[in-house]
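User: I have a model open and I'd like to go through its ligands. Can you take me through them?

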Amino acid sequence: MGISVDRLPGHVGIIMDGNGRWAEARGLDRSLGHEAGERALFDVVEGALEAGLRYLSVYAFSTENWSRPPSEVAFLLGFNRRLLRQRRDYMVERGVRMRRLGRRDPVPGDVLEEFDAAEEATRGNDRLALQVCFNYGGRAELEDAAARGSIPAHLYAPDLPDVDLLIRTSGEKRLSNFLLWQSAYAELYFTEMLWPDFSRAALFEALRDYAARRRRFGGLDEPGEGEPR
Ligand code: IPE
Ligand code: IPE
Ligand code: MG
């Protein structure tokens with residue numbers, strides 16, 4: 001991949017968008033687009049392992065996605081439940097620690113059970129931390145945290161570092177309530193590619209783009225080689 005470790009983002013967030021349009025463009029049901037997105041997700045997980053990323057957070061279902069037609073919501077709940085069960089051993093073997101970020105209510109118990117089982121099974125892993133944002137909303141997270149005291153101490157995963165690189169597929173250029181607190185200084189990367197077409201190669205391209213950027217965090221550039229102070 002050719003990126004030195006010190007130019008890698010510590011935490012990559014991905015808004016996996018465009019499944020529905022991918023399916024509709026093929027005259028298929030939207031549910032088939034979600035299914036096709038599974039391959040992209042696990043190719044990206046492999047790519048993250050290969051690149052040596054430590055934190056990867058993916059947006060799987062937002063607090064606003066309940067407003068979709070009941071049939072699509074039901075499909076997404078069942079699909080994620082199946083996926084978690086089928087991929088649990090894989091995550092254990094690959095050293096992936098999976099955590100769900102989001103409110104529990106009103107996610108059905110059988111879906112929460114699969115999330116809990118996957119969290120439990122992968123708890124001892126430390127190669128890659130994979131946060132699956134499910135029934136997640138940045139505002140809900142901030143409201144929940146503020147209700148309990150200081151915000152950073154009560155986020156869903158207080159140990160989670162800030163997002164360094166935020167990727168969104170499908171050409172939309174918005175945050176849609178994803179990791180609002182953690183993305184305050186994230187570098188944003190947008191691609192027209194629809195999520196089912198995304199891959200580890202596309203991830204590596206985003207990582208290379210990130211590696212060439214200069215971050216300032218409100219300060220001034222560190223003087224580079226050959227540049228005047
Ligand atoms: C992203 O794809 C997956 C979820 C939001 C669950 P979409 O379902 O939003 O696909 P588009 O944006 O309609 O194409
Ligand atoms: C964001 O995508 C949520 C997920 C990818 C899970 P949406 O498709 O729901 O976002 P909007 O509606 O285009 O903002
Ligand atoms: Mg969408």
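This is a predicted model: local features need pLDDT of at least 70, side-chain atom pairs count only at pLDDT 80 or more; totals for chains, interfaces and linings use all residues.

User: Where does ligand 2 sit?
Analyst: The space taken by ligand 2 is the largest pocket. On a 1 Å grid over the protein atoms alone, a pocket is an open set of points with protein on both sides within 12 Å along at least five of seven lines. A molecule sits in a pocket if more than half of its atoms lie within 2 Å of its grid points.

User: Which residues surround ligand 2?
Analyst: They are Ile15, Met16, Asp17, Tyr59, Ala60, Phe61, Asn65, Arg68, Arg168, Arg174 and Ser176. A residue counts as near if one of its heavy atoms lies within 4 Å of the molecule. By class, five are nonpolar, two polar and four charged.

User: Which strand gives the most to that shell?
Analyst: Strand β2, residues 55-62, with three residues. Strands here are DSSP runs (E, at least two residues), and helices are too (H or I, at least four), numbered from the N terminus.

User: What about polar contacts to ligand 2?
Analyst: A polar contact to a ligand is a pair of N or O atoms within 3.5 Å. A polar side-chain atom of Ser176 is 2.6 Å from an oxygen atom of ligand 2. For the side chain of Arg174, an N or O atom is 2.8 Å from a ligand oxygen, and for Arg168 the distance is 3.3 Å. Of the 390 Å² of accessible area that ligand 2 has on its own, the protein covers 78% (Shrake-Rupley method, 1.4 Å probe).

User: Switching over: how many residues surround ligand 1?
Analyst: 13, and the closest are Asp17, Gly20, Arg21, Arg30 and Arg68. Helix α1 (19-24) gives the most to this shell, with three residues. α2 (30-51) and α3 (70-94) each supply at least two.

User: And which atoms touch its oxygens?
Analyst: A side-chain N or O atom of Arg68 is 2.7 Å from an oxygen atom of ligand 1. From Gly20, a backbone N or O atom lies 2.9 Å from a ligand oxygen. Arg30 has a polar side-chain atom at 3.0 Å from one. Ligand 1 alone exposes 380 Å², and the protein buries 87% of that.

Terms used. Residues are numbered from 1 along each chain as its sequence is written. Chains are lettered from A and ligands numbered from 1 in the order in which they are written. Side-chain values use heavy atoms; hydrogens and water are left out. A polar contact is a pair of N or O atoms within 3.5 Å; within protein, one must be able to donate a hydrogen and the other to accept it, and residues adjacent in sequence count only if both atoms are side-chain atoms. On a 1 Å grid over the protein atoms alone, a cavity is a set of points where a 1.4 Å probe fits but cannot get out, and a pocket is an open set with protein on both sides within 12 Å along at least five of seven lines; lining residues have an atom within 4 Å of a point. Ala, Val, Leu, Ile, Met, Phe, Trp, Tyr, Cys and Pro count as nonpolar, Asp, Glu, Lys and Arg as charged, and the others, Gly among them, as polar.
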